[in-house]
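Thanks for coming, everyone. I have one structure to walk through today.

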Amino acid sequence: MHCADCDYELWNVRNRACPECGKPFLPSEFTFYPNAVEFRCPHCAQPYFGTSRRGHLEPPMFNCVGCGRPVTMDEMILAPAEGVDPEKTGPTRGNPWLQRDRLGLRRAWWRAVVMGLVKPADLARDTPPETSIWEGWKFAILNITIVGVVGLALVVVMMGLMMIIFSASGGGSGGPPVGALLLGQGVLQVAAQFAIPVAYLAIWIVVTHGVLLSISAANAKFTVTANALLYTSGAHLLTLVPCVSNLAWVWWIVSAILATKQAHATTGTKASLAVLVFPITLLVLVVAGYAIFFYFMFSSITATPPSAPPTPMEAP
């Protein structure tokens, strides 16, 4: 447990402020492994152990069994449990994206991307349930924007080369202006690279949470579900990597399942079902749409009667 500003260790600190820099803190802001930390009563030092999925006390308010006084978790004096390395009391020091003030935007973004790719459960565990959904959307939109800008830039370069080749070959008449084609392609790319992923993600979150409410826990928080999917959006960046771009959506889905399982403390089966419902439904609709399209296309071709042969002219 370290200060978010100066990285000073906060074990055995009675006051709710860092002794080094004075930054206020609360034990509830940190995530620990269950039973890895002692929460000691500030009046009699009676120890308690956090058993929740974030290593917190359950319940957070009670009467101390040692002195009988009412206490809250945020009043407790914290120390590593006996035999536990202080640096191994929790998975990390929190969601990096939520520490942009201390880490800087670029470092916080990159660390969150890597955690979402390789340790999505830890990232979900380190994201407090009360975290604003807009923080997650900022992270996801940044990832989507990076992919969209790079994709649009590649299209512009390719279209620019086409214009140069077209002009050098003496073209320029008898067809639509190349500039108009470039603009149209750019509009399509903006829709494909930005608007569609944002809309897809928004619907995915709503459907996933709806399924969770129906099969898992009726009191599941929408923000927790949303952040599980939003903070694993770093997988979308894989679409820019040659040879693995087709795995980007699969990686994102798997990461989202692991994050959702951890965030809601549910089973892998329920998390998988909730996360997969929308992508699979969309895939089925797309395949069905293509099948219907080709069916009617081939039906129209086979239904067209052959033209009658021309009538031969009679000899004079």
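**Strand 5 and its sheet**

Start at strand 5. It is covered on both faces. Ile77 and Ala79 are buried on one side, and Leu78 and Pro80 are buried on the other. Keep in mind throughout that this is a predicted model.

Now the sheet around that strand. Three strands make up an open sheet, ordered 2-1-5, and the pairing is antiparallel. Which strands stand at the edges? Strand 2, residues 47-49, and strand 5, residues 77-80. Each has a single partner strand, so one side of each has no neighbour in the sheet. On average, neighbouring strands here are turned by 35° against each other, ignoring direction.

Let's look at the pairings one at a time. Strand 1 covers residues 37-40, and three bridges pair it with strand 2 in the antiparallel sense. Strand 1 and strand 5 also run antiparallel, and four bridges join them. Find Arg40. Its bridge partner in strand 2 is Pro47. In strand 5, Arg40 stands opposite Ile77.

**The loop at Gln46**

Gln46 sits in the loop between strand 1 and strand 2.

What does Gln46 touch, apart from its neighbours within four places in sequence? On one hand Phe39, Arg40 and Cys41; on the other Cys64, Val65 and Gly66. Take Val65. It is 19 residues from Gln46 along the chain, yet the two C-alpha atoms are separated by 7.7 Å.

**The whole chain**

Zoom out. The protein has eight helices and five strands. In order from the N terminus, the elements read β-β-β-β-β-α-α-α-α-α-α-α-α. There are 316 residues, and 38% of them count as buried.

**A pocket and a cavity**

Look at the second largest pocket. Its volume is about 380 Å³. It has 18 lining residues, and the closest to the centre are Ile196, Tyr200, Trp249, Leu282 and Val286. Where does the lining come from? Helix 5 (178-215), helix 7 (248-263) and helix 8 (268-303) each give at least two residues. Helix 8 has the largest share, with six residues. What is the lining like by class? It has 13 nonpolar residues, five polar ones and no charged ones.

How many cavities of 30 Å³ or more does a search of the whole structure find? One. The largest cavity has a volume of about 110 Å³. Its lining has 15 residues, and Ala124, Thr127, Val224, Asn227 and Ala263 are the closest to its centre. Helix 3 (120-125), helix 6 (222-230) and helix 7 each contribute two or more residues to that lining. Helix 6 gives the largest share, four residues. By class, the cavity lining has ten nonpolar, four polar and one charged.

**His236**

Buried or exposed? His236 counts as buried, because its relative accessibility is 5%, and the cut-off is under 20%. Leaving out neighbours within four places in sequence, His236 contacts Asn143, Ile144, Val147, Pro197, Trp249 and Trp252.

**Backbone points to check**

Last topic, the backbone. Most residues other than glycine have a negative phi, and most peptide bonds are trans.

First, the peptide bond from Glu58 to Pro59. It is cis, with omega near -5°. Pro59 is in the loop between strand 2 and strand 3, residues 61-63.

Next, Asn12. Its phi is positive, near 60°, and it is not a glycine. Asn12 lies in the segment before strand 1. It is partly exposed, at 49% relative accessible area.

Then Asn35. It also has a positive phi, about 65°, without being a glycine. Asn35 is in the segment before strand 1. It is partly exposed, with a relative accessible area of 43%.

That's my tour. Over to you for questions.

Conventions. Residues numbered from 1 in each chain as written. Predicted model: local features only at pLDDT ≥ 70, side-chain atom pairs only at ≥ 80, totals over all residues. Heavy atoms only, no water. 1 Å grid on protein atoms, 1.4 Å probe; cavity = no way out; pocket = protein on both sides within 12 Å on 5 of 7 lines; lining within 4 Å. Points joined across faces, edges and corners; volume = space filled by probe spheres on them. Nonpolar A, V, L, I, M, F, W, Y, C, P; charged D, E, K, R; others polar. Pairing = 2+ DSSP bridges. Axes fitted to C-alpha atoms, helices over the stretch in contact; angles between N-to-C directions. Buried < 20%, exposed > 50% of the residue type's maximum accessible area, 1.4 Å probe, protein only. Contact = heavy atoms within 4.5 Å.
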